[in-house]
Number of protein chains: 2
Amino acid sequence: MVSLASASPLWLRDNCPCADCRDPRNGQKLFQITELPDALAVDAVHDARTPEGSPAREVVWAPDGHRSVYPESWLGDHLPGAAAPGDGRTEDDKELWAASRFDGGLPEADWDAYRGDPAVRAAALDSVLRLGFVLLRGVPVHDRHVLDVAGTFGYVRETNYGELFEVRVEADPNNLAFTGARITPHTDNPYRDPVPTLQLLHCLVNAAQGGDSGLVDGFHAAALLRAEAPESYEILTRVPVPFAFADERTELRAHRPLIGTDPAGRIREIRFNNRSIGTLRLPTDRLDAFYAAYRRFGELLLRPELQLDFRLAPGDCLIFDNTRLLHARTAFAESGDRHLQGAYADIDGLASTLAVLRREESAR
Amino acid sequence: MVSLASASPLWLRDNCPCADCRDPRNGQKLFQITELPDALAVDAVHDARTPEGSPAREVVWAPDGHRSVYPESWLGDHLPGAAAPGDGRTEDDKELWAASRFDGGLPEADWDAYRGDPAVRAAALDSVLRLGFVLLRGVPVHDRHVLDVAGTFGYVRETNYGELFEVRVEADPNNLAFTGARITPHTDNPYRDPVPTLQLLHCLVNAAQGGDSGLVDGFHAAALLRAEAPESYEILTRVPVPFAFADERTELRAHRPLIGTDPAGRIREIRFNNRSIGTLRLPTDRLDAFYAAYRRFGELLLRPELQLDFRLAPGDCLIFDNTRLLHARTAFAESGDRHLQGAYADIDGLASTLAVLRREESAR
């Protein structure tokens with residue numbers, strides 16, 4: 001039997017599951033927290049049953065006489081002391097990795113199986129949440145197909161680069177990505193807030209010498225920095241960095257730390273992109289300290305054992321968490337043929353799609 | 001003459017404007033912070049001129065002999081001690097308001113003038129950044145036209161509610177918004193992370209009794225809470241609140257504080273929505289403290305002097321900052337005809353559009 005003696009009255013009442021308090025169709029609450037009586041207290045507690053017949057506890061409330069029936073199972077899961085799950089976005093909910101984690105192979109799925117089998121789809125989406133990426137193989141090599149891939153789990157986030165963007169050598173590139181240059185590990189669009197949380201890269205052609213891909217787990221790197229140089233880690237979580245991007249039609253800026261943490265101090269978001277760091281303004285001693293920490297984190301991110309290297313083949317579509325993983329590519333000969341189509345999307349929609357897949361699976 | 005004695009060497013070198021260090025087309029940096037020499041130091045400083053003939057200082061670097069030419073004007077603006085602008089998103093860059101701020105009228109623009117005159121467009125977009133909203137008048141009462149409005153400054157953020165959503169009475173609503181019920185001040189989609197940062201509401205019909213609109217400046221309310229009850233404010237910035245929404249096709253959750261602050265402690269993001277607060281899990285004493293603070297903030301948000309009341313007429317399109325303003329509506333008779341079309345978008349794109357408009361204006 002679950003005891004209600006330790007429960008906070010306002011908390012318990014705010015979680016009343018009755019149809020007057022909460023819309024049974026979507027769980028939305030139908031009252032305001034300000035509408036509850038000031039002197040709210042538990043008047044009496046009785047054994048009861050839910051409408052479905054499960055064991056429950058009925059609370060009679062003073063002063064308003066409202067009655068709430070809480071399933072025993074809900075109380076057991078939610079009373080203080082029960083483990084508190086996160087929302088899946090901080091380091092606590094991730095499997096941090098170095099490159100050797102994937103010696104046995106990459107997390108991947110065949111496109112036809114992904115489309116046809118909900119279990120394959122769920123496993124692939126789970127990889128994005130847990131490991132930060134998945135590689136879909138055998139995706140049709142069709143123009144704009146990357147948008148269909150995004151549509152399997154969520155919504156495209158259009159940006160100044162378009163609904164999709166072409167990663168290939170351009171005559172007058174507005175971004176280093178559109179040249180043959182080597183690109184070291186970075187996250188995309190740090191000058192956007194909200195930053196696109198997912199990126200898709202669909203390989204159409206990769207016949208150039210070079211142009212291999214790399215991924216680094218930024219959460220793992222930040223956790224290493226915290227262990228090895230706590231003062232550097234602290235600085236990088238505290239200093240808002242002015243990221244900026246401007247071209248003919250665009251002028252974006254966002255001031256965010258390189259390592260974003262939640263209020264509990266857990267790593268939640270990495271932004272790292274040397275190309276678009278603007279001019280910091282701080283007292284000189286703080287500038288010196290920031291730059292020492294920034295260099296240290298930059299060196300750490302280049303450790304070979306952290307970077308997972310692989311090569312995209314036509315038909316591969318990489319989906320990765322742009323708030324966690326840094327991506328890189330080796331240089332390639334600009335005369336060679338290499339063409340990816342990319343798109344941005346958001347990870348909250350992907351997590352929702354996975355949750356619904358799991359709900360349907362457990363209902364079968 | 002500007003002194004370079006106080007500058008941090010890594011900072012100064014990282015800001016070298018030469019074409020080898022920074023792509024002149026887009027300002028992107030072409031080197032890694034890890035590529036700079038460990039013992040980087042200023043070897044010599046000379047008076048110089050920029051290629052355009054403006055006064056400048058040339059720095060010769062040890063140990064690599066690189067030369068950087070910094071315009072005097074840039075040094076004056078950026079050396080330690082110069083005022084540091086923000087990215088426009090925290091309370092420091094906003095004009096906080098109570099309802100009486102608008103006794104002389106709402107920030108509004110006529111649709112034709114907005115489309116035809118860049119100065120009108122710039123003033124309207126500036127209102128969204130500075131005050132949190134603008135009201136466009138005379139927007140054609142056409143189905144889906146709200147998407148065209150979003151296209152004037154940025155990109156639509158598609159969600160589970162669609163590319164656009166219909167705000168009218170529905171037979172089987174999945175959200176209280178789609179009934180005739182009163183809705184108290186709230187922000188939308190707090191269970192999304194990233195949350196949509198802008199909302200558009202385009203009024204097509206408003207013939208119902210009731211259904212008036214209200215806006216509350218959440219940054220102002222949070223600043224009041226900080227002044228009146230610092231301990232409550234502190235709790236609301238520190239406790240991640242589990243927001244959740246689920247229906248047939250969707251299962252979203254995000255754990256974020258009601259008052260989001262940047263690393264410097266400035267108010268940056270408000271989430272307040274009683275309907276979608278899930279079950280907090282904390283020790284009982286912290287639950288009691290959270291609920292006391294939550295109620296206090298909720299009461300503060302209902303102060304009549306904070307809420308700006310107005311009525312949308314057909315052809316009005318309200319654009320507002322969903323990370324700052326709370327919106328509300330009075331109840332209306334479900335028999336009456338009321339129909340809005342809404343869409344979400346993002347404020348970083350709006351800020352970019354405004355910055356480009358200003359750049360073009362100053363170039364004229």
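1. Let me start with a loop: Pro63(A) sits between β2 (55-62) and β3 (67-71) of chain A. Helices and strands here are DSSP runs numbered from the N terminus, with H or I over at least four residues for helices and E over at least two for strands. The peptide bond joining Ala62(A) and Pro63(A) is cis, with omega about 0 degrees. In chain B, a cis peptide bond likewise joins Ala62(B) and Pro63(B), where omega is about 0 degrees, and Pro63(B) lies in the loop between β2 (55-62) and β3 (67-71) of chain B.

2. A word on the ground rules. This is a predicted model, in which local features need pLDDT of at least 70 and side-chain atom pairs count only at pLDDT 80 or more, while totals for chains, interfaces and linings use all residues. Residues are numbered from 1 along each chain as its sequence is written, chains are lettered from A and ligands numbered from 1 in the order in which they are written, and side-chain values use heavy atoms, with hydrogens and water left out.

3. Now the layout of chain A. Its division is into domain 1 (9-78) and domain 2 (91-359), with bounds that come from an automatic or database domain assignment. Between the C-alpha centres of domain 1 and domain 2 of chain A there are 44 Å.

4. Next, a helix pair in chain A. Helix α4 (residues 118-130) and helix α9 (residues 347-363) of chain A have axes that come within 9 Å and cross at roughly 140 degrees. Axes are lines fitted to C-alpha atoms, for helices over the stretch in contact, and angles run from 0 to 180 degrees between N-to-C directions. This angle makes α4(A) oblique to α9(A); angles under 35 degrees count as roughly parallel, over 145 as roughly antiparallel, 65 to 115 as roughly perpendicular and the rest as oblique. The crossing of α4(A) and α9(A) is left-handed, meaning that the near helix is turned anticlockwise from the far one by less than a right angle (clockwise would be right-handed).

5. Who touches whom in that pair? From α4(A), the contact residues include Arg121(A), Leu125(A) and Leu129(A), and from α9(A) they include Leu350(A), Leu354(A) and Arg358(A). Contact means heavy atoms within 4.5 Å. By class, the contact of α4(A) with α9(A) holds 10 nonpolar, 1 polar and 3 charged residues. Ala, Val, Leu, Ile, Met, Phe, Trp, Tyr, Cys and Pro count as nonpolar, Asp, Glu, Lys and Arg as charged, and the others, Gly among them, as polar.

6. Another chain A pair is worth a look. Helix α6 (residues 218-228) and helix α8 (residues 284-301) of chain A cross at roughly 125 degrees, their axes coming within 10 Å. That makes α6(A) oblique to α8(A), and the crossing of α6(A) and α8(A) is right-handed. Among the residues in contact are Gly218(A) and Leu225(A) of α6(A) with Phe297(A) and Leu300(A) of α8(A). The contact of α6(A) with α8(A) divides into 7 nonpolar, 1 polar and 2 charged residues.

7. Turning to chain B, an open sheet of 6 strands runs in the order β4-β5-β15-β8-β17-β6, with mixed pairing. Strands pair if DSSP finds at least two bridges between them. At the edges stand β4 (108-110) and β6 (165-167) of chain B, each with a single partner strand, so one side of each has no neighbour in the sheet. The twist averages 25 degrees from one strand to the next. Within this sheet, β5 (residues 133-137) and β15 (residues 317-321) of chain B pair in the antiparallel sense over 4 bridges, and Phe133(B) stands opposite Phe320(B) in β15(B). Helix α4 (residues 118-130) of chain B lies across β4, β5, β8 (198-206) and β15 of chain B, at about 140 degrees to β5(B).

8. Chain B also has an open sheet of 4 strands, ordered β7-β16-β9-β14, with antiparallel pairing. Its edges are β7 (183-186) and β14 (308-310) of chain B, each with a single partner strand, so one side of each is left without a neighbour in the sheet. Strands β9 (residues 213-217) and β16 (residues 325-329) of chain B run antiparallel and are joined by 5 bridges, with Asp217(B) opposite Leu325(B) in β16(B). On this sheet packs α6(B), which touches β9 and β16 of chain B and makes about 45 degrees with the direction of β9(B).

9. One backbone detail to finish: Arg144(B), a residue other than glycine, has a positive phi, near 70 degrees. Arg144(B) is found in the loop between β5 and α5 (145-151) of chain B.
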